Amino acid sequence: MNQRLGHIIEHRAHGAGPSGRAATYLVHDDETGEDFGFAYTAIVTEGFRHLRKGERVRFLTDPGRPGHAFYIVQLDLPEVEAYY
């Protein structure tokens, strides 16, 4: 597994899952230029799991699953006022 730094380049809402809000994200690896996909369930956080386009993240990749990212950690925490 390789730890990477990147930023979110796309968010696709699908409207599936138990709450009707499952989504797919794409993260761009800042070092290699590769793009990796992941589901919202891969975001490591307490509470609401959501990332915005352009946000910086740290993530892991697995050579056994090319093109997939997991263990996504948000690096730039938004100000609380941004949600109210």
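Colleague: How much accessible surface does the chain have, and what share of it belongs to carbon and sulfur atoms?

Modeller: This is a predicted model, in which local features need pLDDT of at least 70, side-chain atom pairs count only at pLDDT 80 or more, and totals for chains, interfaces and linings use all residues. Residues are numbered from 1 along each chain as its sequence is written, and side-chain values use heavy atoms, with hydrogens and water left out. Accessible areas come from the Shrake-Rupley method with a 1.4 Å probe, and for residues only the protein chains shown count as cover. The surface of the chain comes to about 5,700 Å², and the share of carbon and sulfur atoms is 51%.

Colleague: Which elements does the chain contain, and in what order do they run?

Modeller: Helices (H or I, at least four residues) and strands (E, at least two) are DSSP runs, numbered from the N terminus. The chain has five strands and zero helices. From the N terminus on, the order is therefore β-β-β-β-β.

Colleague: Which strands does S4 pair with, and how many bridges join each pair?

Modeller: Two strands pair if DSSP finds at least two bridges between them. Strand S1 (residues 2–13) runs antiparallel to S4, and Asn2 stands opposite Thr61 in S4. Strand S5 (residues 69–74) also runs antiparallel to S4, with Phe70 in S5 as the bridge partner of Leu60. The counts are six bridges for S1 with S4 and four for S4 with S5.

Colleague: How many aromatic pairs does a search of the whole structure find, and how is the pair of Tyr25 and Phe38 arranged?

Modeller: Rings of Phe, Tyr and Trp (its six-membered ring) pair if their centres lie within 6.5 Å; planes under 30 degrees apart count as stacked, over 60 as edge-to-face and the rest as tilted. The search finds two aromatic pairs. In one of them, Tyr25 and Phe38 lie 5.2 Å centre to centre with 10 degrees between the planes, and the pair is stacked.

Colleague: Which strands hold Phe36 and Phe59, and how is their pair arranged?

Modeller: Phe36 is in strand S3 and Phe59 in strand S4 (residues 56–61), 23 residues apart. The ring centres of Phe36 and Phe59 are 5.7 Å apart, with 55 degrees between the planes, and the pair is tilted.

Colleague: Why does Phe59 count as buried?

Modeller: Buried means under 20% relative accessible area, exposed over 50%, and partly exposed in between (1.4 Å probe, protein chains only). Phe36 counts as buried because its relative accessibility is 6%. Phe59 counts as buried because its relative accessibility is 0%.
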